[in-house]
Amino acid sequence: MKRRTFWISASLLTTAIVLLAGFWLLCKPCITNTTANINTNYPSSIDTGQIGSSILGSATNNSIRINTLAEKGMSVFVNYGIKTGSYDNKTDTITSQSGEPIATNITGLQSNTKYYYQVNYKESSESGFISKTEYSFYTQRSTGSTFSFGVQGDSHPERAGKMFNADLYNITMQNVAKTAPDSYFTMGDDFSIEGLIDKKQQTQSAVDSVYLYQRKFLDVIGANSSVYLVNGNHEQAAKYLLDGTAASFPVLAAKARNNFYPLPTPNSFFGGDTQQVDNVGYLKDYYSFQWGDALFVTIDPYWHSDTAVDNTAGSDSTSKGQRDLWNNTLGDIQYQWFKQTLENSHAKYKFVFTHHVLGTGRGGIEEAKLYEWGGYNEKGVWEFNTKRPGWELPIHQLMVKNGVTIFFQGHDHLFAKQTLDGIIYQEVPNPADNTYSTFNQDAYTSGITMPNSGFLNVTVSDSQVKVDYVRSFLPTDESSANINDSVGYSYTVTK
Ligand SMILES: [Fe+2]
């Protein structure tokens with residue numbers, strides 16, 4: 001080989017190695033988002049163990065909704081009252097026409113009151129009703145009350161063996177059930193339909209099976225706690241996938257979500273997304289409500305961005321490198337709603353939930369200065385005024401101005417607590433990761449990080465907010481240092 005040819009070849013090889021190394025470093029944080037190892041082999045129909053299982057939702061000052069899993073022809077009524085074992089009231093009986101879940105609305109309740117209830121069901125082949133265990137719920141707490149709510153991060157049931165273990169998820173649910181919080185928030189990546197998109201299994205029953213599988217776990221806690229879902233990137237419940245038909249994947253996902261989970265419809269009690277989507281109706285993807293001294297607000301960039309916010313369904317995650325993150329947005333309507341919701345609230349504590357800052361990336365406060373969340377581009381140039389005309393402030397600055405107490409996010413698969421400008425940025429751990437990893441820890445350059453798994457039990461009182469990270473361990477993984485249902489970390493916020 002001539003000397004000149006040798007040096008050209010050597011420099012080309014060096015360039016290729018540098019490019020590959022750079023590519024790896026850039027995309028390393030994305031790798032856990034790939035669709036590899038996806039298990040979509042969930043049962044396609046309700047199994048007998050789930051029949052009659054109920055989940056609470058949309059609790060207000062005078063009502064609550066109970067969603068009960070049913071078979072075709074099954075009938076349900078609910079007894080309820082303010083004394084245990086003694087029910088003064090009974091709902092009408094509702095029959096499932098084609099096997100759809102039965103939504104029972106209980107109305108006319110007193111606020112700030114504990115109610116006991118019992119679901120009664122009768123399958124079409126049976127002659128008598130079966131009464132389920134008695135459970136309880138609270139109506140809206142009054143200001144000054146002490147109550148708790150729970151939060152879990154990404155459950156990722158499609159990642160069995162990688163960061164999901166069904167037995168551990170059940171243990172976490174049992175730990176939550178012991179505390180019986182008034183409400184329970186899941187932070188997204190709980191209903192991945194990407195395996196179905198890859199396989200082109202574009203049917204309602206296939207998508208339903210994903211949403212139904214999660215009920216096996218959330219039903220353990222949902223009988224005592226209103227469940228509130230937050231969309232993640234893997235839900236792919238996103239506008240960019242709409243194709244104008246009733247069979248597009250986001251439509252199927254939204255219908256399954258609303259069918260199996262009693263999420264809040266915007267009304268005089270719940271703020272939320274009042275736009276209706278063809279073939280769906282209300283999305284119920286973002287919403288707000290007051291409970292005791294706290295305002296709860298969930299926001300969702302996925303439905304409202306014109307492009308994929310994180311990974312594009314059905315494509316390699318490496319395509320994320322070319323994105324313009326100004327495309328990730330709540331949209332004008334949701335932003336103005338969010339602003340008014342924060343401004344109009346006089347609650348002592350304000351909690352905001354979304355899957356992640358900007359719906360993508362890794363880290364908490366490290367990402368908070370960027371794009372519509374903080375106003376700057378990656379090069380540190382302020383672009384907010386030209387990119388978001390009509391918006392008063394970026395999301396972070398808006399939350400600071402309006403006294404948000406804790407911003408909850410998931411997506412990064414670890415416990416991380418940071419503070420920026422007086423707001424706690426709380427990354428919520430996975431509930432079912434039996435590798436007990438601290439994924440993406442290097443993205444958090446300050447604050448406290450801890451490994452999975454578990455949930456956050458948040459107690460709100462007149463004087464403070466207390467956040468307990470309740471750890472979960474499989475019996476075979478317990479030790480003197482790793483005790484299931486113990487508090488691994490705790491902090492308080494006072495105002
Ligand atoms: Fe995620």
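Helices (H or I, at least four residues) and strands (E, at least two) are DSSP runs, numbered from the N terminus. Residues are numbered from 1 along each chain as its sequence is written. The model is a predicted one, in which local features need pLDDT of at least 70 and side-chain atom pairs count only at pLDDT 80 or more, while totals for chains, interfaces and linings use all residues.

**The loop with a cis bond**

Begin by selecting Ser-453, which is found in the loop between strand E22 (448-450) and strand E23 (454-460). The peptide bond that joins Asn-452 and Ser-453 is cis, with omega at about 10 degrees.

**The whole chain**

Now show the whole chain, which has nine helices and 25 strands. The C-alpha trace spans about 95 × 55 × 50 Å along its principal axes. Of the 495 residues, 49% count as buried, where buried means that 20 or more other C-beta atoms lie within 10 Å of a residue's own, exposed means 12 or fewer, and partly exposed is in between, with C-beta atoms placed from the backbone.

**Helices H2 and H4**

Select helix H2 (residues 166-179) together with helix H4 (residues 204-222), which pack at an angle of about 15 degrees with their axes 8 Å apart. That makes H2 roughly parallel to H4; angles under 35 degrees count as roughly parallel, over 145 as roughly antiparallel, 65 to 115 as roughly perpendicular and the rest as oblique. The axes are lines fitted to C-alpha atoms, for helices over the stretch in contact, and angles run from 0 to 180 degrees between N-to-C directions.

To see the contact itself, pick Tyr-169, Asn-170, Met-173, Gln-174, Val-176 and Ala-177 in H2, which meet Phe-217, Val-220 and Ile-221 in H4; two residues are in contact if their C-beta atoms, placed from the backbone, lie within 7 Å. The residues of this contact divide into seven nonpolar, two polar and no charged, where Ala, Val, Leu, Ile, Met, Phe, Trp, Tyr, Cys and Pro count as nonpolar, Asp, Glu, Lys and Arg as charged, and the others, Gly among them, as polar.

**From H4 to H5**

By class, the contact of H4 with H5 has seven nonpolar, one polar and four charged residues.

**Beyond H5**

Move on to Phe-269, in the loop between H5 and strand E13 (271-272). Phe-269 is partly exposed, with 17 other C-beta atoms within 10 Å. Leaving aside neighbours within four places in sequence, Phe-269 is in contact with Thr-60, Asn-61 and Phe-289. Although Phe-269 and Asn-61 are 208 residues apart along the chain, their C-alpha atoms are separated by 8.0 Å.

**Two residues with positive phi**

Next select His-156, in the loop between strand E10 (147-152) and H2, where phi is near 45 degrees, a positive value in a residue other than glycine. His-156 is buried, with 24 other C-beta atoms within 10 Å.

Finish at Asn-279, in the loop between strand E14 (276-277) and strand E15 (281-282). Asn-279 has a positive phi of about 70 degrees although it is not a glycine, and Asn-279 is partly exposed, with 16 other C-beta atoms within 10 Å.
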